Amino acid sequence: MTHAMLKGSNVPLQATTVRAVLRWAPGQGVPDVDASALLLGTDGRVRSDEDFVFYNQPRHPSGQVWRLGKKRVAEGLTDTIQTDLSGVEPSVARILLVASADGAAFDRAASLRILLYDAAAGDAEPLAHFDVKPETGQETALICGELYRRGEGWKFRALGEGYSNGLKGLATDFGISVDESEGADESEGADGPMSAPRPEPAAPAPAPSAPSQSVPGPPTPAQSAPAPSVSAPPVTGPEQPTAVQPLPDVSRPLPPEQPAGVPAQPGYGYPQQPAAQPAYGYPQPPAARPGYGYPQAPAAAGVTGAQAGYGYPQPVTGAPDPDFRLPPQGPQFVGR
């Protein structure tokens, strides 16, 4: 039977090896959660820095407390601390089970829960579980619960106590040596287990590039002379225009060039302006030679045209011409 625990409640443990599992739901903006444990003496403090089991020190020297690592399950992600209670040293009175967030506060970690299993029972139901909820939302480290001695046995108490200064602040309160200087954290010989940085996931190695194809960066002002540039070979042939010229529209032929003025030779069949040679077949103004086949305008009184129009009666201006003859009929008048 699984005990659903409230903050401050406790439950006796019959199991000799207990597996404490931290579980949370991943998502956008949810921090990565790490499980750790502190082994405390009867004075409520660690005996030495070796009593701190966390990501940089995953196993206690006694071999009775260790991290199992993170896993992905159907309900989310887990990180696990396992403890062999039967082999814990008598000088250890309490074991704190801690959750710490990486780079964000616990108000973004949804569904944070600690579950206790009997490690010898395999996949049996958990012995107890406790939903850990931060009080202010600004906590970056939480004491989820503790395993503590009661007589000859052990119990588990649900706590949910938070720290806003992270895992380092929590560890310092219980006697862990933490070097606060940044330089000491990065140096190789810094004291204390918290001096080592938190391991980051390995990034994929970049693909090697050929040295001959490397592209140099832009020159800096400190360079005395720019790198010589490789000029392109000269282009043979006619000189190219400096600007792109529009191509003529070849979708239809261009119209013939039109004359600027009236052509010397008038068009056929339409009234034309006076010209040296009158057009054929329409009335023309008086000229030295009348047009063919149409009545002509009467000449001045007493003056006859030099040549009368052909085929039509002419106005009487004097005695009839004795040599006048009708023109022969054309093919349009021949009976069919």
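In this predicted model, A99 stands opposite L142 in strand 11, where strands are DSSP runs of E with at least two residues, numbered from the N terminus. Local features need pLDDT of at least 70 and side-chain atom pairs count only at pLDDT 80 or more, while totals for chains, interfaces and linings use all residues. Residues are numbered from 1 along each chain as its sequence is written, and side-chain values use heavy atoms, with hydrogens and water left out.

**Strand 8 and its partners**
- Strand 8 and strand 11 (residues 141-150) run antiparallel and are joined by seven bridges; two strands pair if DSSP finds at least two bridges between them.
- Strand 4 also pairs with strand 8 in the antiparallel sense, over nine bridges.
- Here, S36 stands opposite V98 in strand 8.
- Seven of the nine residues of strand 8 are buried, meaning under 20% relative accessible area with a 1.4 Å probe, protein chains only.

**The largest cavity**
- There are two cavities of 30 Å³ or more, a cavity being a set of points on a 1 Å grid over the protein atoms alone where a 1.4 Å probe fits but cannot get out.
- The largest cavity has a volume of about 50 Å³, that is, the space filled by probe spheres set on points joined across faces, edges and corners.
- Its lining residues, which have an atom within 4 Å of a point, include S36, V98 and C144.
- Strand 3 (17-25), strand 4 (32-40), strand 7 (76-84) and strand 8 (94-102) each give two or more residues to this lining.
- By class, the lining has eight nonpolar, one polar and one charged residues; Ala, Val, Leu, Ile, Met, Phe, Trp, Tyr, Cys and Pro count as nonpolar, Asp, Glu, Lys and Arg as charged, and the others, Gly among them, as polar.

Technical notes
On a 1 Å grid over the protein atoms alone, a cavity is a set of points where a 1.4 Å probe fits but cannot get out, and a pocket is an open set with protein on both sides within 12 Å along at least five of seven lines; lining residues have an atom within 4 Å of a point. Helices (H or I, at least four residues) and strands (E, at least two) are DSSP runs, numbered from the N terminus. Buried means under 20% relative accessible area, exposed over 50%, partly exposed in between (1.4 Å probe, protein chains only).
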